[in-house]
Amino acid sequence: MNDNCIFCRIIKGEIPSAKVYEDEYVRAFRDINPQAPVHVLVVPKKHIASAAEVDESNSVYVAKCFEAIAKIARGEGLENGFRVVNNCGEDGGQTVMHLHYHLIGGVKLSEKVV
Ligand code: 5GP
Ligand code: ZN
């Protein structure tokens, strides 16, 4: 955990958040600036700075994030689909340097990058 990291501080309970899901590996909470009716941030409970830092020592956290995404999507009523977004590094537009996945849905999403 990193004392200067907003998401580590949310996980530790030092900064409030609207919690959606939690298990041993993952914490999920609503984005403070939602871009869709459902916009949840799915965050590993280990400080991994970005997707570029994932390796075989920590990839279990990635797997657990995606297990959580499927559960949260069901809980949020996203049976019709959703989008998962990861911004990585400066060129990828990442602003919080703690790995996270944006789970976005609840509306027909239009702007596709890929
Ligand atoms: P990124 O730009 O790194 O992919 O995504 C960071 C996200 O974190 C943004 O969508 C931003 O709105 C969200 N965010 C930043 N600070 C906070 C916070 O303190 N609480 C919550 N719930 N979301 C935050
Ligand atoms: Zn962190």
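In strand S3, the residue that forms the bridge partner of Arg27 is Val43. This pairing belongs to a set of five bridges that join S2 to S3, and the two strands run antiparallel. The structure described here is a predicted model.

In general, the strands of a sheet pair through backbone hydrogen bonds, in either a parallel or an antiparallel manner.

Strand S3 is largely enclosed by the rest of the structure, because seven of its seven residues are buried. Val38, Val40, Val42 and Pro44 point one way from S3, whereas His39, Leu41 and Val43 point the other way. The residues of both sets are buried. In a regular strand, side chains alternate between the two faces of the sheet.

Phe7 is placed in helix H1 and counts as buried because its relative accessibility is 6%, under the 20% limit. Leaving aside neighbours within four places in sequence, Phe7 is in contact with Phe29, Leu41, Val43, Val96, His98 and His100. Phe7 and Arg27 are 20 residues apart in sequence, and their C-alpha atoms are 9.4 Å apart in space. Lys64, by contrast, is found in helix H2 and is partly exposed, with a relative accessible area of 23%. Not counting residues up to four places away in sequence, Lys64 touches Tyr25 and Val26. The C-alpha atoms of Lys64 and Gly93 are separated by 24 Å, the two residues being 29 residues apart along the chain.

A metal site was also examined. The zinc ion (ligand 2) is coordinated by the SG atoms of Cys5 and Cys8 and by the ND1 atoms of His47 and His98, at 2.0 to 2.3 Å. The four donor atoms subtend angles of 105 to 116° around the zinc ion (ligand 2), and the arrangement is therefore tetrahedral. For four tetrahedral donors, the ideal angle at a metal is 109.5 degrees. Along the chain, the donors of the zinc ion (ligand 2) follow the spacing C-x2-C-x38-H-x50-H. Distant parts of the chain are linked by the pair of Cys5, in the segment before helix H1 (6-11), and His98, in the loop between helix H3 (89-92) and S5; the two are 93 residues apart. Both Cys5 and His98 are buried.

Side chains of opposite charge can pair when their charged atoms come close. A search of the whole structure finds eight salt bridges. Asp3 forms a salt bridge with Lys12, with the closest N and O atoms 2.8 Å apart. Asp3 counts as exposed at 56% relative accessibility, while Lys12 is partly exposed, with a relative accessible area of 38%. Lys12 also meets Glu14 in a salt bridge (3.8 Å, N to O), and Glu14 counts as partly exposed at 44% relative accessibility. A network of salt bridges links Asp3, Arg9, Lys12 and Glu14.

A further salt bridge is formed by Arg30 and Glu76, whose closest N and O atoms are 2.9 Å apart. Since Arg30 lies in strand S2 and Glu76 in the loop between H2 and S4, this pair ties together parts that are 46 residues apart in sequence. Arg30 is partly exposed, with a relative accessible area of 37%, and Glu76 is likewise partly exposed, with a relative accessible area of 24%.

Notes. Residues are numbered from 1 along each chain as its sequence is written. Chains are lettered from A and ligands numbered from 1 in the order in which they are written. This is a predicted model: local features need pLDDT of at least 70, side-chain atom pairs count only at pLDDT 80 or more; totals for chains, interfaces and linings use all residues. Side-chain values use heavy atoms; hydrogens and water are left out. Donors are N, O and S atoms within 2.8 Å of the metal (3.2 Å for Na, K and Ca); water is not among the atoms, so sites may look incomplete. Four donors count as tetrahedral if all angles lie between 85 and 135 degrees; four count as square planar and six as octahedral if opposite donors are over 155 degrees apart and all others between 65 and 115; anything else is irregular. Helices (H or I, at least four residues) and strands (E, at least two) are DSSP runs, numbered from the N terminus. Buried means under 20% relative accessible area, exposed over 50%, partly exposed in between (1.4 Å probe, protein chains only). A salt bridge is a side-chain nitrogen of Lys or Arg within 4 Å of a carboxyl oxygen of Asp or Glu. Contact means heavy atoms within 4.5 Å. Two strands pair if DSSP finds at least two bridges between them.
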